[in-house]
Amino acid sequence: MQSLHAEWDALKAHHREIESVHMREMFAQDSSRFDTFSASACGILLDYSKNRINSETLKLLTALAARADIAGEAQRMLNGERINATEQRAVLHTALRLPASKKLMVDGVNVVEDIHAVSDQAAAFVDKVRSGEWKGYSGKPIRHIVNIGIGGSDLGPLMVCEALKPWQQRDLSLHFVSNVDGTHISETLQLVDAETTLFIIASKTFTTQETLANAHSARQWFLDQGAGTDDIAKHFAAVSTNADAVAEFGIDTDNMFRFWDWVGGRYSLWSSIGLTIRLAVGNENFDAMLAGAHKMDQHFANTPYENNLPVIMALLGVWYGNFFDVRSHVIAPYDQYLHRFPAYLQQLDMESNGKSVQMDGSACEVSTGPVIWGEPGTNGQHAFFQLLHQGTELISADFIVAAKSQNPLGRHQQMLLANCIAQTEALMRGKTEAEARAELEAKGAEDIDILSRHKVFSGNRPTNTLIFDELNPNVLGALIALYEHKVFVQGKIWGLNSFDQWGVELGKELASTVLGELESGNPGEHDSSTLGLINYCLQRHS
């Protein structure tokens, strides 16, 4: 952050000038504000005009991006440099989207060749399953796919499969198991039958505690249904790098699909972790999603900051988080197919930038990643939008919507669009007390002095709107990549390594210790709360 102090101080001074200006005034003074503060790329229109900014704000924010050398940092990532310094790894989820004709050398290896070799292996497997050529142990084709993973091995595939449901092969039923709570795997197994079910075990090391517990329970259930150990190879496949452990489980290593240490879990749906996506929507649609993401990669790498969608969104997040003290950001997709998108972005953003240590080991000087949350519209309007409109905290939001529905039905899409657009207008405009009084007087209401105050909305609440023609594989790929690069930019400005997750590890280590104590019945030394909880559980399982 030291190198950014001049730009930071300029933004602080500008914030003092603009913080009391209402967006109503900004729109009233500039009829072309939408044209000035909107940008398009890869089939996505970003309207960011309903933000507390003016041309000077954008100038100062892009100067911040320039000083942080975002363009140079992006090239370092795209070129395969080891930007994940704490783990000494490249960060190359973007390489997973490169066409086969491209070349990218990392440690003397053209990774594009390796990527497409695994992709071809996965594509051939997928074609066999989807066509019915692949048969289970009793000769029946596969009708159920159960994805067993956790974190990025679950959130990404699940989100995409839901988003692209119109492209799914409907005689293949998709199921996802992630929680180590036995209820998750038990309830799923009641929906499938052993003869027609294919389990995809997604674990890079094949040692992930929750995933392996669910995998072994599925294996035992499979054998209990009358199948033999030789039949496991027909009903289990693995996405992993640990061939020995995969083979020991009983999976044919020909049906093990590898990926690389430069693929982070929350960026892994583009890799063989996306095997379940391929099975759901087919290779052609998966490739279209990759193409959309690659197009956004090129836009990010080659577009000036002031027209660069990921950079603009990242800078707006910095503007609110660090100058308006906004600690919470809502994702509001007005598309039921995107109902898991907020949960996916929670991991992408909060696991990447939920950090307090900079790359050089020093403490962060400013606030970093916000809390990400949300639900699909219009459900959210009847749940938490009250807080957005009249709560005491300023909360920023992204509204995401398609102009066209995959399921045109009467007035539904017009109603959806109307609600989406109107909410952003309401959050921007608000309602003054004079306007509230006038409405109540027109209705002949009583107790106007008190009631009018309850109907006041401050407005001036910032939103972005992302709108596209329709949600399809290509646009979805671009949308996901847009948010990936937004997170990257913010991490660079805050001086973070967005590609490690050491905060996850301590809980895992302590859980392993407590598990041993619960299973042995002999608790070790802990604080009184932890010891009390362990003893409570032991007493009820004795």
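Are Arg 97 and Asp 297 buried or exposed? Both Arg 97 and Asp 297 are buried, where buried means under 20% relative accessible area, exposed over 50%, and partly exposed in between (1.4 Å probe, protein chains only).

## Basis of the report

The structure is a predicted model, in which local features need pLDDT of at least 70 and side-chain atom pairs count only at pLDDT 80 or more, while totals for chains, interfaces and linings use all residues. Residues are numbered from 1 along each chain as its sequence is written, and side-chain values use heavy atoms, with hydrogens and water left out.

## Salt bridges

Side chains of opposite charge can pair when their charged atoms come close. A salt bridge is counted here when a side-chain nitrogen of Lys or Arg is within 4 Å of a carboxyl oxygen of Asp or Glu. The model has 18 salt bridges by this rule. One of them joins Arg 97 to Asp 297, with 2.6 Å between the closest N and O atoms. This pair links distant parts of the chain, 200 residues apart: Arg 97 is in the loop between α5 (70-78) and β3 (105-106), and Asp 297 is in helix α13 (residues 283-302). Helices (H or I, at least four residues) and strands (E, at least two) are DSSP runs, numbered from the N terminus.

Another salt bridge is formed by the side chains of Arg 24 and Glu 435, at 2.9 Å from N to O. Here helix α2 (residues 23-29) holds Arg 24 and helix α18 (residues 433-442) holds Glu 435, the two residues being 411 residues apart. Arg 24 is partly exposed, with a relative accessible area of 22%, and Glu 435 is partly exposed as well, with 27%. In a further pair, Asp 171 and Arg 143, the closest N and O atoms are 3.8 Å apart. Asp 171 lies in the loop between α7 (152-163) and β6 (173-177), and Arg 143 in the loop between α6 (111-131) and β5 (144-148), 28 residues apart. Asp 171 counts as partly exposed at 37% relative accessibility, and so does Arg 143 at 31%.

## Nonpolar cores

In soluble globular proteins, nonpolar side chains tend to be buried together. A nonpolar core is a set of buried Ala, Val, Leu, Ile, Met, Phe, Trp, Tyr and Cys residues joined through side-chain atoms within 4.5 Å. The largest one has 125 residues, and those with the most contacts inside it are Phe 341, Leu 479, Tyr 483 and Ile 493. Helix α20 gives the most to this core, with 13 residues. Apart from it lies another core, of 25 residues, including Val 146, Val 177, Val 192 and Val 246.

Which residues does Tyr 483 contact, leaving aside its neighbours within four places in sequence? They are Met 313, Ile 331, Phe 341, Leu 345, Leu 348, Asp 398, Ile 400 and Leu 466, where contact means heavy atoms within 4.5 Å.

## Cavities

On a 1 Å grid over the protein atoms alone, a cavity is a set of points where a 1.4 Å probe fits but cannot get out, and a pocket is an open set with protein on both sides within 12 Å along at least five of seven lines; lining residues have an atom within 4 Å of a point. There are two cavities of 30 Å³ or more. The largest cavity has a volume of about 180 Å³. Its lining has 21 residues, of which Leu 316, Gly 317, Tyr 320, His 329 and Ser 396 lie nearest its centre. Helix α14 gives the most to this lining, with five residues.

The second largest cavity has a volume of about 40 Å³. Among the residues that line it are Ile 331, Leu 345, Leu 348 and Tyr 483. Both α15 (341-353) and α20 supply at least two residues of its lining.

## Pockets

The largest pocket holds about 1,100 Å³ of space, a volume being the space filled by probe spheres set on grid points that are joined across faces, edges and corners. Of the 39 residues that line the largest pocket, Thr 208, Gly 265, Gln 501, Glu 505 and Lys 508 lie nearest its centre. Helix α21 gives the most to this lining, with four residues.

The second largest pocket holds about 420 Å³ of space. Helix α17 (residues 412-429) gives the most to its lining, with five residues.
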